[in-house]
Amino acid sequence: MSEPMIVCRGVWKIFGPDAVRMLETHDRSLSRAETEARTGHIIAVKDASFRVAKGECFVVMGLSGSGKSTLVRCLTRLIEPTDGKIMISGQDVTRMSRRALLTLRRNKVAMVFQHFGLFPHRKVLENISYGLEVRGVGLKDRLAKAAKILDLVGLGGWGDRYPRELSGGMQQRVGLARALAVDPEILIFDEPFSALDPLIRRDMQNELLELQNRLQKTLVFITHDFPEAIRMGDRIAIMKDGEIVQTGTSEDIVANPADSYVADFTEDVPRYKVLSAGTVMRPTALSDPGTAPVRSSDRIDSLINRLADADSALPVVDDGGAVVGEIDASIVMKAMQTTPGPALADGADCAKAEGPGGRQTGSTMIGQSAAKQSTGASIPTPKRQIRLR
Ligand SMILES: Nc1ncnc2c1ncn2[C@@H]1O[C@H](COP(=O)(O)OP(=O)(O)O)[C@@H](O)[C@H]1O
Ligand SMILES: [Mg+2]
């Protein structure tokens, strides 16, 4: 596991007249609603903990008001956390001087917002080069760099236009280009595509995934849309009333939602596009992998033809080629149920570990039982793309 790029430990943000004292004296186990009723303070973020690996896309998902924007703004102290610790590249952000914070925000972390946040009176190229201008880069160099980035986001030739002359999707490309222009290690996206029409939104998601494959930045991506979270995220943290209630891969979350709030999000997800053979397989007496075994990481939708044509169960192998289970058409059909039937519920001995600030689900197995499971304490290697629809 690589050194995490971002570590967020026990972070709280409370809005109100006396937030620090309130947190010191208050019963921290009380819910947001109880706290507000008793003290008039609003818990925007409650004891949030997570880590983001270098090159990972970490999604923060939750309903409006669940604390997503506040949480990610705490990462660079655009909002000052009331308590907790934040480390970026091993540096303690919570102890940084104003000057160090400015350097961090100018050089290392860039943000993309829902409503683009472009300067209306500046042309596209001038918008993109803004961060370089702040840094003191000369006019010629910064415009040259901006033109390069403009090509990268597919807007070559639009540099002399004003933002108002561009569609919403194009404006958001400019927003992305502006963030990329300073060559940050970390990009934070706060619902960047939520204002876009569905088809444009999908294009933008795909383009960002392709860019990410090439650039391998560390991404923190906020959305309130679960299909978008699944498309974009290596892992997803789900927030509710300020708390992270579950963190895991999309497969972990779909296979084992932590509670009914999470389960509601997963209900419409086509499970065969998210679950893998290793998650739905059953234990086996087979030891011979044969000539064409199923890999444990193979997604079910890629196996449907083979399973439909097979007379008997197929062996499932791990990365080292050892047989770890078997899979057949009936297992797959049962796994497609949104609400697991008795056969699946019996096997609910999934690997689950309580991580600080929310449940962390690891590699999970629904179905009979797991041959081998990880605890979920580690950060998986980016980037596994799961694309829906
Ligand atoms: N400056 C503020 N003062 C008081 N309450 C705030 C402030 N900013 C956010 N909140 C409250 O904190 C909670 C979380 O807000 P936010 O982080 O914007 O959620 P999200 O981004 O998930 O929609 C909400 O209840 C919101 O009303
Ligand atoms: Mg928000």
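## Exercises on a predicted model

The chain averages a pLDDT (the predictor's confidence in each residue, from 0 to 100) of 86, and 86% of the residues score at least 70. This is a predicted model: local features need pLDDT of at least 70, side-chain atom pairs count only at pLDDT 80 or more, and totals for chains, interfaces and linings use all residues. Residues are numbered from 1 along each chain as its sequence is written, with chains lettered from A and ligands numbered from 1 in the order in which they are written.

**Exercise 1.** Find how many contacts residues 341–358 have beyond near neighbours in sequence.

*Solution.* Check confidence: pLDDT is below 50 over this stretch, residues 341–358.

**Exercise 2.** Describe the shell around ligand 1 by element and class.

*Solution.* List residues: the surroundings include Phe15, Ile42, Lys68 and Thr70. Assign elements (DSSP runs: helices H or I, at least four residues; strands E, at least two; numbered from the N terminus): β2 (42–53) and α3 (68–75) each supply at least two residues. Helix α3 gives the most, with 3 residues. Sort by class (nonpolar: Ala, Val, Leu, Ile, Met, Phe, Trp, Tyr, Cys and Pro; charged: Asp, Glu, Lys and Arg; polar: the others, Gly among them): the shell has 3 nonpolar, 7 polar and 1 charged residues.

**Exercise 3.** Characterise the packing of α8 and α9.

*Solution.* Take the axes (lines fitted to C-alpha atoms over the stretch in contact; angles run from 0 to 180 degrees between N-to-C directions). Helices α8 (168–181) and α9 (198–215) pack at about 25°, axes 10 Å apart. They are therefore roughly parallel (under 35 degrees) to each other. The contact joins Gly168, Gly169 and Gln172 of α8 with Ile200, Asp203 and Met204 of α9. By class, these contact residues are 2 nonpolar, 3 polar and 1 charged.

How values were computed
A residue is near a molecule or strand if its C-beta atom, placed from the backbone, lies within 6 Å of it. Angles under 35 degrees count as roughly parallel, over 145 as roughly antiparallel, 65 to 115 as roughly perpendicular and the rest as oblique. Two residues are in contact if their C-beta atoms, placed from the backbone, lie within 7 Å.
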